[in-house]
Amino acid sequence: MLADYAVRVEQSRGRRYPEPQHPYRNDFQRDRDRVVHARAFRRLEAKTQVFTRRYSDHFRNRLTHTIEVAQIARTIAAQLGLNVDLVEALALVHDVGHPPFGHAGEKALDTAMRAHGYFFDHNLHALRIVEDFELRYAAFRGLNLTFEVREGIIKHSHDYNAEEFPELAEYLLDRQPPLEAQLIDVADEIAYSTADLDDGYEARLLTLESIRANIPVFDDFYHEVEGTYLDAIEKLKFNEALKRMLNRWVGDLISHTEKQIRAAPVKTLEDVRSYPQRLVTLSPSIEQERRTAKEFLHKNLYYSASLDPEKNAAERVIAELFEFWMEKPEKLPSSYREKAASEPLARVVCDYIAGMTDNYIYEQHQKFCATVI
């Protein structure tokens with residue numbers, strides 16, 4: 001049962017290019033399936049989340065992270081009476097705009113673009129992917145997703161100013177996104193904050209002692225687990241404590257969001273859109289727990305000296321390839337050379353690099369830059 005404030009597929013603003021209804025899938029289900037079958041989605045399997053495969057092939061990549069976000073978001077959406085089909089489509093598409101090498105790659109690509117007067121934004125790049133780059137249908141370019149999914153791609157985690165981004169005017173930039181889109185941002189934060197603790201611990205870059213000393217909520221749960229599972233090995237106790245922390249945050253997000261919806265009060269989707277702030281949030285105390293964990297991860301994992309060699313190599317590879325193709329655009333694939341006739345070359349080079357997997361960009365760097373990494 002959908003809540004009155006949920007998005008209803010029958011009231012969708014539709015697709016850019018009208019299509020007949022499918023006999024047994026609604027439009028949001030079709031959007032979900034189009035994302036899953038997209039090349040950009042498949043490429044997420046070979047894009048770094050935090051760790052490259054030098055450490056292990058057990059760690060999350062961009063695709064497995066995306067699946068975890070979808071699982072968490074679906075669970076929460078069902079409890080809140082939101083449109084689960086829309087939430088799943090948004091969760092699965094939310095990271096397709098990320099370049100290779102995780103956040104190091106995003107930083108390097110943005111730096112390269114700014115040197116030419118532009119910038120890189122993975123949400124806007126994701127929109128370009130689903131609107132133009134994916135070629136699967138004879139009737140139109142892109143995936144022809146519904147308005148609600150396209151809106152959620154750009155607005156789930158960022159607010160864009162209509163004066164600064166006039167090309168996005170159709171996406172109601174002066175109004176809040178639906179709760180389904182708001183949910184994706186918080187589910188994403190919860191997913192990677194817990195998953196990266198797990199991977200960091202498995203990689204032995206984070207010790208159990210340091211996690212317990214710096215993340216009090218985890219320490220409380222670990223102490224509780226120790227009293228329950230006396231003979232369990234450390235890793236299983238770690239898993240139990242992390243699971244309980246995840247459950248605590250998800251449960252709080254559900255209950256606090258319900259509380260905010262009642263207090264607003266929000267009755268309809270129009271109420272959600274016109275409300276002055278986002279409603280899908282953790283309670284202040286739990287939000288502080290999440291921030292504490294995130295700060296710990298930034299200090300001890302994301303900016304760990306152990307990861308510096310790979311991050312530095314990633315940034316150098318992107319910078320050198322970017323400048324190579326800026327100087328020798330004739331070396332670009334023919335489809336990108338054609339785009340360069342009508343679009344800024346820097347944007348075209350950026351689009352090409354952003355779509356690459358970690359392995360492929362290394363191959364291209366070896367081929368064109370002949371530099372030993």
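Predicted model: local features only at pLDDT ≥ 70, side-chain atom pairs only at ≥ 80, totals over all residues.
Residues are numbered from 1 along each chain as its sequence is written, and side-chain values use heavy atoms, without hydrogens and water. Local features need pLDDT of at least 70 and side-chain atom pairs count only at pLDDT 80 or more, whereas totals for chains, interfaces and linings use all residues.

The whole structure holds 14 aromatic pairs (rings of Phe, Tyr and Trp, the last by its six-membered ring, with centres within 6.5 Å; planes under 30 degrees apart are stacked, over 60 edge-to-face, the rest tilted). The ring centres of Tyr 137 and Phe 140 lie 5.2 Å apart with planes at 35 degrees, so this pair is tilted. Tyr 137 is partly exposed at 29% relative accessibility, while Phe 140 is buried at 10% (buried is under 20% relative accessible area, exposed over 50%, partly exposed in between; 1.4 Å probe, protein chains only). Arg 34 lies over the face of Tyr 137, 4.9 Å from the ring centre (CZ of Arg or NZ of Lys within 6 Å of the centre and within 35 degrees of the ring normal). The charged end of Arg 13 sits over Phe 147, 5.3 Å from the ring centre. One aromatic cluster comprises Phe 324, Trp 325, Tyr 336, Tyr 352 and Phe 368.

Tyr 336 also belongs to the lining of the second largest pocket (a pocket is an open set of points on a 1 Å grid over the protein atoms alone, where a 1.4 Å probe fits, with protein on both sides within 12 Å along at least five of seven lines; lining residues have an atom within 4 Å of a point). Arg 39, Arg 43, Phe 133 and Ser 335 are also among the residues nearest its centre.
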